[in-house]
Amino acid sequence: MPTLTPESVERLVLSGLATPDAVNHARRAGLTEASFTALELHATVWRYITTFVQDRGECPGHGDLRALGFEPVPDVQDYQRYVDELVQADVQRQLRLVLFKQLKELEDTGGDPRAKLRDIVDGLQNISYGSQVRLVYFDRDAPDRLGRVTERVEAKRQGLVIGVATGLRSLDENGGEWQKGDLVAIIGPPTAGKSTLLIHFAVAAWAAGYRVLFISPENIADDIHLRADPMAAQLQWRILSNHALRTGKDVDMRTYMDHIESIKDSDRWATTDRGEAGFFTVADIQRALTEFRPDVLCVDGAHLITGPGQTWENMFALGKMLKATAQDRGIVVLVGTQATKNTLAAGAELPEMNDAAYGKAIMEDSNRVISMGRDRGGLKRRSFRVIKWRDGPTDEKKRYLTFDVDAGVVCEQAMTAERPDGMVEVATFT
């Protein structure tokens, strides 16, 4: 197939705008008047068509377009391909403008290349890739919805998990498995165990066959993987010590080699850390998403993602991006975020929504928020509550976790009655 000129692509796109749905689709894909650069007439025709649709709810005919001096192509086939091609060309144009401007400034004024790199990253983040908003019809798309419900009914009949299992019984048995499009926040004070719980969720998803991308702006990838090793080994009835793996002392090498042998042929979990750059940006996350294409994204330490504004502004932008990513890509996003330092000082065992550090934007964007903290039951126990569950059951009951980081054991505990001294008796592990 011969390569089309930019002028031809623009002409085919404009000729294919025959219905309001087609126009709205092109706009959601990211096309604007500025996207049509081959001929000034093409920008005029785009403006005319979109205004016509807005005013009258229908598209102009070919006769109307000819009156503007534009000759439409009849019966355009493979219209979507031309829209995608024009969007890509427009993004390339915006990329060139950002890079040329910033590199020209660096050449003219000098300065710190690292600072200029951040300016370039900020500029790239503002490039329009189209709207993340998805339009689904309640009535016209109802058969698709019927198909999804039918699949869920059949999965339940076979005893299968609907969504991504969390590994926590109180969630999985109440329809609380992670679903595509979910943004889930884990909030807790320092040392509460947010990172460990996040790794537990990652291991559970990975073991179920899902692709996991773990974003670690604080810890190096090797540290995350050494903490995951005992958890993954537990699933195959192998016992490993995280402390031994870290120190090299008293490592059961036979067991560890068997564990490594059992996982080495898989490539379903990737972890990305700050590397040599020293900082981690939203653009870094987006690049990793494009490269790895995960089913589950884990972000450990939202407040450590840098950006052009103050921390609360960066957190606000990050929450919007993560929610859009979950919905647009149809993946699960799990994020750990800090509670304010005065949460512990005030004597609160578990933080509330308003206790989120640097603003509660991510809390508001999340489908679910899990609050966790240390527990009086000992160093190897944590407590948690689901303080937000959009469209889920109302259940903020405090629950308990066995939390043995060294052995890689994170599991929910079955509870009995509370004792007079306020402690909670624990019966069995679940």
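1. The model is predicted, and local features need pLDDT of at least 70, while side-chain atom pairs count only at pLDDT 80 or more and totals for chains, interfaces and linings use all residues. Residues are numbered from 1 along each chain as its sequence is written, and side-chain values use heavy atoms, without hydrogens or water.

2. Mean pLDDT (the predictor's confidence in each residue, from 0 to 100) is 82 for the protein chain, and 85% of its residues reach 70 or more. Over residues 419–430 pLDDT stays under 50. Where pLDDT is low, the predicted coordinates should not be read in detail.

3. Helices H1 (residues 6–15) and H5 (residues 79–109) have axes that come within 9 Å and cross at roughly 130°. H1 is therefore oblique to H5 (angles under 35 degrees are roughly parallel, over 145 roughly antiparallel, 65 to 115 roughly perpendicular and the rest oblique). In contact (heavy atoms within 4.5 Å) are Val 9, Glu 10, Leu 12 and Val 13 of H1 with Tyr 79, Tyr 82, Val 83, Glu 85 and Leu 86 of H5.

4. Helix H13 (residues 282–292) has buried residues, including Val 282, Ile 285, Leu 289 and Phe 292. Buried means under 20% relative accessible area, exposed over 50% and partly exposed in between, with a 1.4 Å probe and protein chains only.

5. Most residues other than glycine have a negative phi. Asp 75 has a positive phi near 50° and lies in the loop between helix H4 (62–67) and H5. Asp 75 counts as exposed because its relative accessibility is 68%.

Notes. Axes are lines fitted to C-alpha atoms, for helices over the stretch in contact, and angles run from 0 to 180 degrees between N-to-C directions. Helices (H or I, at least four residues) and strands (E, at least two) are DSSP runs, numbered from the N terminus.
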